[in-house]
Amino acid sequence: MVELDQDITREQLMLFQALWAKRSLTDAAAVLGVHVPKASRLLKSLRETFGDELFVRVGSSMEPTRQAQALWPQVEESLIALSKLMHPQTFDPKRLRKTFSVIVF
């Protein structure tokens with residue numbers, strides 16, 4: 001288990017997710033709407049935090065290391081939890097999937 005000396009930001013987790021999906025730092029940066037140098041700095045900070053390369057170049061692809069593969073489920077869960085925290089479910093009648101009948105006497 002990794003003992004973290006630093007805080008992890010949402011932006012770092014989102015980069016991890018984008019790299020997981022795209023396998024390209026350039027494409028991951030585009031998904032996040034940041035420049036490649038910023039994505040590179042985020043990846044560097046993630047690597048320092050976890051003490052692992054996390055994603056390594058294999059040909060033209062950035063492939064996850066074993067450590068990244070082990071971390072992925074927690075990263076995904078963390079992003080889901082953050083999304084729920086930032087966008088709690090609220091009652092929205094437009095999203096109802098049932099039909100209600102109102103009877104007036």
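Which residue in β2 is the bridge partner of Val 56? In this model, which is predicted, the bridge partner of Val 56 in β2 is Glu 63. Another such link joins the strands, for Arg 57 has Met 62 in β2 as its bridge partner. Taken as a whole, β1 and β2 pair in the antiparallel sense, and four bridges hold this pairing. The hairpin that they form has two residues between the strands, and Gly 59 takes a positive phi there, near 65°.

Strand β2 also contains Ser 61, which is buried because its relative accessible area is 15%, where under 20% counts as buried. The side chain of Ser 61 makes a polar contact of 2.5 Å with the side chain of Glu 63. When neighbours within four places in sequence are left aside, Ser 61 is in contact with Arg 23 and Val 56. Arg 23 follows α1 and has a positive phi, near 60°.

**The chain as a whole**

The protein chain has four helices and two strands, and reading along the sequence gives the pattern α-α-α-β-β-α. It has 105 residues, of which 28% count as buried. Among its contacts between residues at least 6 apart in sequence, 53% join residues at least 24 apart.

Helix α1 has 13 residues and reaches 18 Å from its first C-alpha to its last, which is close to the 18 Å expected at 1.5 Å a residue. Its buried residues are Gln 12, Leu 13, Leu 15, Phe 16, Ala 18 and Leu 19, and the buried residues of α1 pack against α2, α3, β1, β2 and α4. As background, an α-helix has 3.6 residues a turn, so residues three or four places apart point the same way.

The largest nonpolar core has 22 residues, and those that touch the most other members are Leu 15, Phe 16, Leu 19, Leu 43, Leu 54, Phe 55 and Val 75. The elements giving two or more residues to this core are α1 (10-22), α2 (25-32), α3 (36-50) and α4 (66-86). In soluble globular proteins, nonpolar side chains tend to be buried together.

Gln 12 also belongs to helix α1, and Gln 12 is buried because its relative accessible area is 6%, which is under 20%. What lies 2.8 Å from a polar atom of the side chain of Gln 12? The backbone nitrogen of Thr 9 is found at that distance. If residues up to four places away in sequence are not counted, Gln 12 touches Asp 7, Leu 42, Ser 45 and Leu 46.

**Phe 16 and the aromatic rings**

Phe 16 is buried, with a relative accessible area of 1%. Apart from its neighbours within four places in sequence, Phe 16 is in contact with Leu 46, Leu 54, Phe 55, Ala 68, Leu 71, Trp 72 and Val 75. A pair of aromatic rings is described by the distance of the centres and the angle of the planes.

| Pair | Distance of centres | Angle of planes | Kind |
|---|---|---|---|
| Phe 16 and Phe 55 | 5.2 Å | 75° | edge-to-face |
| Phe 16 and Trp 72 | 6.2 Å | 5° | stacked |

Why are these two pairs given different names? The planes of Phe 16 and Phe 55 are at 75°, and an angle over 60 degrees counts as edge-to-face, so this pair carries that name. The planes of Phe 16 and Trp 72 are at 5°, and an angle under 30 degrees counts as stacked, so this pair is a stacked one.

Both pairs link parts of the chain that are apart in sequence. Because Phe 16 lies in helix α1 and Phe 55 in strand β1, their pair ties together parts that are 39 residues apart. Phe 16 in helix α1 and Trp 72 in helix α4 are 56 residues apart, and their pair links these distant parts of the chain. Phe 55 counts as buried at 1% relative accessibility, and Trp 72 is buried with a relative accessible area of 14%. Ring pairs also bring in Trp 20, linking Phe 16, Trp 20, Phe 55 and Trp 72 into a cluster.

Definitions and conventions: Residues are numbered from 1 along each chain as its sequence is written. This is a predicted model: local features need pLDDT of at least 70, side-chain atom pairs count only at pLDDT 80 or more; totals for chains, interfaces and linings use all residues. Side-chain values use heavy atoms; hydrogens and water are left out. A nonpolar core is a set of buried Ala, Val, Leu, Ile, Met, Phe, Trp, Tyr and Cys residues joined through side-chain atoms within 4.5 Å. Buried means under 20% relative accessible area, exposed over 50%, partly exposed in between (1.4 Å probe, protein chains only). Contact means heavy atoms within 4.5 Å. The expected span of a helix is 1.5 Å times one less than its number of residues. A polar contact is a pair of N or O atoms within 3.5 Å; within protein, one must be able to donate a hydrogen and the other to accept it, and residues adjacent in sequence count only if both atoms are side-chain atoms. Two strands pair if DSSP finds at least two bridges between them. Rings of Phe, Tyr and Trp (its six-membered ring) pair if their centres lie within 6.5 Å; planes under 30 degrees apart count as stacked, over 60 as edge-to-face and the rest as tilted.
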